[in-house]
Amino acid sequence: MDFKGSEPVVGPRSEDALPETATAAVKVVVVGGFGVGKTTLVGSVSEIRPLTTEETMTQAGVGVDDTVGVERKSATTVAMDFGRISLNDELVLYLFGTPGQQRFWFLWNGLFDGALGAVVLVDTRRLEVSFDVIGRLEERGVPFLVAINSFPDAPRHPIEELRTALDLPAGVPIVECDARDRASSRDALIALMRYLHSLAASREVS
Amino acid sequence: MRGGDEEWDEGTPERLYVITGGRSAPTENSSLDLVTLIVAKSGPTPGMQPEHAAILRMCHSPLSVAEVSAYLHLPVSVVTVLIDDLLSTGRVLARAPVAAAQLPDPALIEAVIHGLQRL
């Protein structure tokens with residue numbers, strides 16, 4: 001049976017443990033359609049191998065409660081990948097890659113509450129999937145930038161053309177990004193932070 | 001032979017119901033965020049529910065709620081219930097995330113930029 005030491009050890013590998021001094025965490029959400037490269041981006045900047053957290057959506061959760069008889073409850077599992085960057089001894093950044101469909105967002109209560117901001121990862125071959133995401137972030141007042149993941153066979157558009165196509169307000173930055181590349185993904189995050197900094201500064205002035 | 005029983009699927013609502021003793025996630029009352037860092041104040045004690053014990057073991061150094069969920073292969077909503085149990089009995093500490101939604105502090109943003117530049 002279950003004697004001491006026979007239980008599997010679950011938890012981070014010792015090299016993935018945070019220092020005792022880690023006292024505060026911030027989060028950034030990477031939003032985009034299926035296959036746009038969210039997990040790739042998270043993985044290329046994360047100091048740990050990306051982890052997956054899952055949330056189950058039961059039938060009750062989607063508003064169906066007329067299940068008759070003894071049928072087994074069906075559950076849909078929705079996964080979200082995330083990574084981590086230790087910014088200094090105290091401060092840790094978590095990056096969550098979340099599906100673009102807003103109906104999944106509520107599964108992780110408070111995903112956007114307290115988030116510094118969001119990166120909307122866009123595939124120029126499928127611009128239309130980004131419209132809804134951008135609209136929802138605007139509604140929620142989450143500051144974001146748009147990162148164009150440069151797929152080799154994707155059509156190239158001038159940035160201003162994309163701004164018009166995506167109906168983006170003038171201030172929202174658009175950057176190009178190769179999600180596979182650590183430096184390129186890091187630069188997209190830094191661009192988001194500079195944008196947030198300018199927003200905070202302009203608010204202080206007004 | 002296992003009769004007509006279905007396999008015990010790890011992710012079924014039934015199993016999750018058992019782990020939390022039938023409680024659903026106190027999402028409104030819980031102060032826990034995905035990135036709240038959890039630190040154990042002590043190790044597990046005999047007779048403790050295995051999931052509680054596992055959380056205490058893995059949180060000997062700080063770990064976010066999201067990471068606890070990933071390592072335990074349990075939904076955040078379930079892990080939140082379990083961590084709230086441990087908080088109420090004083091077995092773990094929670095280090096609240098930096099709230100930034102409406103007014104990010106420029107100094108905080110600068111710290112993030114400096115950290116990213118070192119990557």
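Predicted model: local features only at pLDDT ≥ 70, side-chain atom pairs only at ≥ 80, totals over all residues.
Residues are numbered from 1 along each chain as its sequence is written, and chains are lettered from A and ligands numbered from 1 in the order in which they are written.

Let's start with the interface. Here 43 residues of chain B are in contact with 49 residues of chain A; contact means that C-beta atoms, placed from the backbone, lie within 7 Å. Helix 5 of chain B gives the most to the side that touches chain A, with nine residues. (Helices are DSSP runs of H or I, at least four residues, and are numbered from the N terminus.)

Now, inside chain B, how do helix 3 and helix 4 cross? Their axes, lines fitted to C-alpha atoms over the stretch in contact, come within 9 Å and cross at roughly 110 degrees. These two helices of chain B are therefore roughly perpendicular, the word for angles of 65 to 115 degrees on a scale running from 0 to 180 between N-to-C directions. On the helix 3 side, B:Val65, B:Ala66, B:Val68, B:Ser69 and B:Leu72 make the contact. Helix 4 of chain B brings B:Val76, B:Val79, B:Thr80 and B:Ile83.

Last one, friends: helix 2 and helix 3 of chain B pack at about 125 degrees, with axes 11 Å apart. Residues making this contact include B:Ala54 and B:Ile55 of helix 2 and B:Tyr71 of helix 3.

Definitions and conventions
Contact = placed C-beta atoms within 7 Å. Parallel < 35°, antiparallel > 145°, perpendicular 65-115°, else oblique.
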